[in-house]
Amino acid sequence: MITYILPVYNGCLYIKRAIDSILSQKYCDEVIVINDGSTDETSNVLATYSKNDRVKVVDIENSGVSNARNVGIKLAKGKYIRFVDADDFLPDNSSEILISHMTGMNMLSVGSSSHYTHEAEHIIDYRFTDASYEPESCLNMILEKRNCLGVCDKIFLRELIHSNKILFDSSIHNYEDFLFLIRYIKTVAELGGEIHFTSEVVYNYTESLNSATRNTLDVKQLSFIDSFITIETYLNDKNKLSFLASELNVAINYLLKIYDSEIDFPLEKKSILKLIRRNTLKLFYNPLRWSKYMPVYVFFSLMPSEKLIKLRKLI
């Protein structure tokens, strides 16, 4: 019934926990683990599952998480697809909860999530209200909350993905999962479907030491610009208003990272500055600016003084 797609690169410390949490689910027919050219002991850990008929290991040359997920999508046979990252894990009954809401016109089920430190200390829960939404309202909520932009706290219909050729863009290395999600939601809208949110936690995220946000800034992270440009083409005017605020927040944070970096990234910096100026003007001249989108402007006034000084120097 469910195919779980699990890409892994040098994840020997956590991959067993992730796989075991999947196998313990009530609905677990197929686990496709894509070993993305790991050079640590990951292959040895995966070998311990060789006798488990539900676990299929696919070894590929290192090509990034997007390509690895695409390999899994093409091989998937289940009615539903779930994505799991190697350093995260599923709560008990996670998939049972999500499937229970895939009824009627619901074509995507979104769950709440818990977040943990690298040392397994609980950080925070992000919870939703139990309700079904039409896609446009769902998009606005996702864009405004900005805490469920990925694909792992959700369950998807395989046939909808396959028949509409929805894949991850392997040329983008940041917010590529958000782009995939937007494409899927827009397809749900075209089919007249709905999206359900549940208040129950269905996914445990680990703030890994290998997280891109903790590593030295590199040009791949700045590919979020390409992702955002593509995402805008899928949005209508109402969605774009919500997206501009989210986009502005991300762009400012990466601009400050560039300032702190030892590398200049002149072309990327120019693109980000252009995006910030454009979005600020569009939001400022929007008639809703003093109500719904006031937090965007408050963001500047509440920014720590040292960061504001940096931002002024860059802009």
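View 1. Asp-153 counts as buried, at 0% relative accessibility. Lys-154 is buried as well, with a relative accessible area of 0%. These residues of the predicted model form a salt bridge with each other, and their closest N and O atoms are 2.6 Å apart. The cut-off for buried is under 20% relative accessible area, so the value of 0% places Asp-153 in that class.

**View 2. Arg-69 and Asp-85, a salt bridge between distant parts of the chain.** The closest N and O atoms of Arg-69 and Asp-85 lie 3.0 Å apart, and the two residues form a salt bridge. Arg-69 belongs to helix α3, which covers residues 65-75. Asp-85 sits in the loop between β4 (80-83) and α4 (94-99). The two residues are 16 residues apart in the chain. Arg-69 counts as buried, with 3% relative accessibility, whereas Asp-85 counts as partly exposed, with 22%.

**View 3. Asp-125 and Arg-127, a salt bridge between partly exposed residues.** Here the closest N and O atoms are 3.5 Å apart, and Asp-125 and Arg-127 form a salt bridge. A salt bridge requires the nitrogen to be within 4 Å of the oxygen, so the pair at 3.5 Å is counted. Asp-125 has a relative accessible area of 27% and is partly exposed. Arg-127, at 49% relative accessibility, also counts as partly exposed. The cut-off for exposed is over 50%, so Arg-127 at 49% stays in the partly exposed class. The model has five salt bridges in total, among them the pair shown here.

**View 4. Cysteines without a disulfide.** The count of disulfides in the model is zero. Cys-138 is in no disulfide, and the nearest cysteine sulfur, that of Cys-148, is 7.2 Å away. Cys-138 is buried, with a relative accessible area of 0%. Cys-28 also counts as buried, at 7% relative accessibility.

**View 5. Residues 210-215, a stretch with pLDDT under 50.** Over residues 210-215 the pLDDT stays under 50. For this stretch the model has eight contacts beyond four places in sequence. The protein chain averages a pLDDT of 85, and 85% of the residues score at least 70.

Terms used:
Residues numbered from 1 in each chain as written. Predicted model: local features only at pLDDT ≥ 70, side-chain atom pairs only at ≥ 80, totals over all residues. Heavy atoms only, no water. Salt bridge = Lys/Arg side-chain N within 4 Å of Asp/Glu carboxyl O. Helix = DSSP H or I, 4+ residues; strand = E, 2+ residues; numbered from the N terminus. Buried < 20%, exposed > 50% of the residue type's maximum accessible area, 1.4 Å probe, protein only. pLDDT = per-residue confidence, 0-100. Contact = heavy atoms within 4.5 Å. Disulfide = S-S within 2.5 Å.
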